[in-house]
Amino acid sequence: TCALPISIVSSQKPSCDETIAQAAEIASTLDQPHAAAMVELAKGVQAFHLGHWRQANERCVAARAIFREQCVGTVWEVDTADCFRLWALTQFGDYTSLKRLSVQLLDDARQRGNLHAIMNIQTLGAPLARLADDDPRAARGICDEALSHSSLRDFHVQHVAALIAKTLIDLYDG
């Protein structure tokens, strides 16, 4: 394990920038691709939440490449990078890329039997790409298909994404 140089007795919490900088510094000393990719992913997630969607997309692309090419056992990490990429593309309105990426990622997830990725893609990226194609019925169907794989007892981020997508579909439909 690695001890992080963050004082837990301090009453002042470090900012996100400071925390990511500390993580980057630690990652640079480890010579571990996973650590470097996690820093890139953290930067992408931070950029997304700050509204820097193009930067979020770029950072998540970089993180995904490291995870896929240099790491083993990083399915969740790749799925997370892909999810933030899809969300970022919707936010800056690149629906051409959103549609292409949704189809590509969904095909890949289905080939691998990755239900988590399938649900991520089908609850926001893919339905909004269909909505951009002026097909609200197909958009709603994609969300419904994704939720059919989910337990009704649990509530996950995919349920929130589907709610957002369905709200946008309803607004589109008037």
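Colleague: In which helix does L168 lie?
Modeller: This is a predicted model, in which local features need pLDDT of at least 70, side-chain atom pairs count only at pLDDT 80 or more, and totals for chains, interfaces and linings use all residues. Residues are numbered from 1 along each chain as its sequence is written, and side-chain values use heavy atoms, with hydrogens and water left out. Helices here are DSSP runs of H or I with at least four residues, numbered from the N terminus. The run that covers residues 157-173 contains L168, and that run is helix α8.

Colleague: Is L168 buried, partly exposed or exposed?
Modeller: Buried means under 20% relative accessible area, exposed over 50%, and partly exposed in between, with a 1.4 Å probe and protein chains only. Because its relative accessible area is 36%, L168 is partly exposed.

Colleague: Does E25 count as buried or exposed?
Modeller: E25 lies in helix α1, residues 16-30. Because its relative accessibility is 57%, E25 counts as exposed.

Colleague: How far apart in space are E25 and T74, C-alpha to C-alpha?
Modeller: In sequence, E25 and T74 are 49 residues apart. In space, the C-alpha to C-alpha separation of E25 and T74 is 22 Å.

Colleague: What covers the buried residues of α2?
Modeller: Helix α2 spans residues 33-49, and its buried residues include A35, V39, L41 and F48. Contact means heavy atoms within 4.5 Å. The cover over these buried residues includes α1, α3 (53-70) and α4 (75-91).

Colleague: Which residue just after α2 takes a positive phi?
Modeller: The phi is about 85°, and the residue that takes this value just after α2 is G51.

How values were computed
Helices (H or I, at least four residues) and strands (E, at least two) are DSSP runs, numbered from the N terminus. The expected span of a helix is 1.5 Å times one less than its number of residues.
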